Amino acid sequence: MMVFLGLLASFLSFLYVIAPSIRKFFAGGVCRTDVQLPGKVVVITGANTGIGKETARELARRGARVYIACRDVLKGESAASEIRADTKNSQVLVRKLDLSDTKSIRAFAEGFLAEEKQLHILINNAGVMMCPYSKTADGFETHLGVNHLGTGVTTYSVHPGIVRSELVRHSFLMCLLWRLFSPFLKSAREGAQTSLHCALAEGLEPQSGKYFSDCKKAWVSPRARNNKTAERLWAVSCELLGIQWK
């Protein structure tokens with residue numbers, strides 16, 4: 001038993017010594033475009049923390065007017081203040097948006113249309129994971145209501161990789177594992193790279209609707225590419241939300 005524990009301790013020690021190299025290997029792609037965004041308007045949901053915050057920071061650094069759309073306005077204002085100070089871009093704004101409440105979504109949309117004539121970049125970053133069972137204000141199961149119905153339809157779907165973020169906050173076990181393996185996980189800045197790539201890289205328009213990981217198009221299972229299933233999901237989603245789309 002003592003020999004086993006000694007070997008385990010030695011193995012874990014070795015892992016932590018080489019952790020920087022492992023992290024570098026799994027860090028994934030990097031958004032390399034140097035495009036600037038003066039005069040462009042950006043909306044990022046859930047940008048008060050984690051990947052969304054780092055995405056907002058980079059787009060603000062490039063000169064865009066960035067709307068941080070989040071449920072917790074106080075956290076949003078704190079993030080916006082930090083980003084404004086870091087990027088010297090005063091056009092980082094916070095607006096309330098609760099994706100678990102369709103009334104809040106409509107109010108946000110109406111308010112935005114009253115302020116802006118155009119939206120150039122929309123990044124649907126906000127989401128929930130492993131929540132205790134609950135329902136949204138409209139009676140939908142929380143994961144379905146927030147991640148699908150609340151977020152709506154995106155032009156690109158991205159996988160950021162395994163990132164140190166607050167997404168696992170509802171699971172004590174996952175929080176423990178995240179803390180234990182944090183030396184091997186992507187940072188929020190690294191996790192934001194694929195979102196930035198899809199928002200900024202030129203020539204991606206023909207690939208609208210594709211799935212991206214590590215700043216490149218990734219494989220998608222045949223079931224996810226089934227048009228009939230997609231059309232049925234669209235129809236059911238519109239029915240649940242009580243909207244008509246032609």
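Among contacts in the protein chain between residues at least 6 apart in sequence, what percentage join residues at least 24 apart?

1. The share is 68%, where a contact means heavy atoms within 4.5 Å. The model is predicted: local features need pLDDT of at least 70, side-chain atom pairs count only at pLDDT 80 or more, and totals for chains, interfaces and linings use all residues. Residues are numbered from 1 along each chain as its sequence is written, and side-chain values use heavy atoms, with hydrogens and water left out.

2. The protein chain has 10 helices and 7 strands (DSSP runs numbered from the N terminus; helices are H or I with at least four residues, strands are E with at least two). Of its 246 residues, 35% are buried; buried means under 20% relative accessible area, exposed over 50%, and partly exposed in between, with a 1.4 Å probe and protein chains only. The chain exposes about 15,400 Å², and carbon and sulfur atoms supply 59% of that area (Shrake-Rupley method, 1.4 Å probe; for residues, only the protein chains shown count as cover).

3. T55 lies in helix α3, residues 50-61. T55 counts as buried because its relative accessibility is 1%. A polar atom of the T55 side chain lies 2.8 Å from the backbone oxygen of I51. Leaving aside neighbours within four places in sequence, T55 is in contact with I44, I123, A192, S195 and L196.

4. The whole structure holds 9 salt bridges (a side-chain nitrogen of Lys or Arg within 4 Å of a carboxyl oxygen of Asp or Glu). E58 forms one with R61, the closest N and O atoms being 3.0 Å apart; both residues lie in helix α3, 3 residues apart, about one turn of the helix. E58 forms another with R62, at 2.9 Å between the closest N and O atoms. E58 is buried at 16% relative accessible area and R62 is buried at 9%, whereas R61 is partly exposed at 40%.

5. R65 and E116 also meet through their side chains in a salt bridge, 2.8 Å from N to O. This pair links distant parts of the chain, 51 residues apart: R65 is in strand β2 (residues 65-70), and E116 is in the loop between α5 (102-115) and β4 (121-123). R65 is partly exposed, with a relative accessible area of 24%, while E116 is buried, with 10%. Salt bridges that share partners join K53, E54, R57, E58, R61, R62, E82 and D86 into one network.

Notes
Polar contact = N/O pair within 3.5 Å; in protein donor to acceptor, adjacent residues only side chain to side chain.
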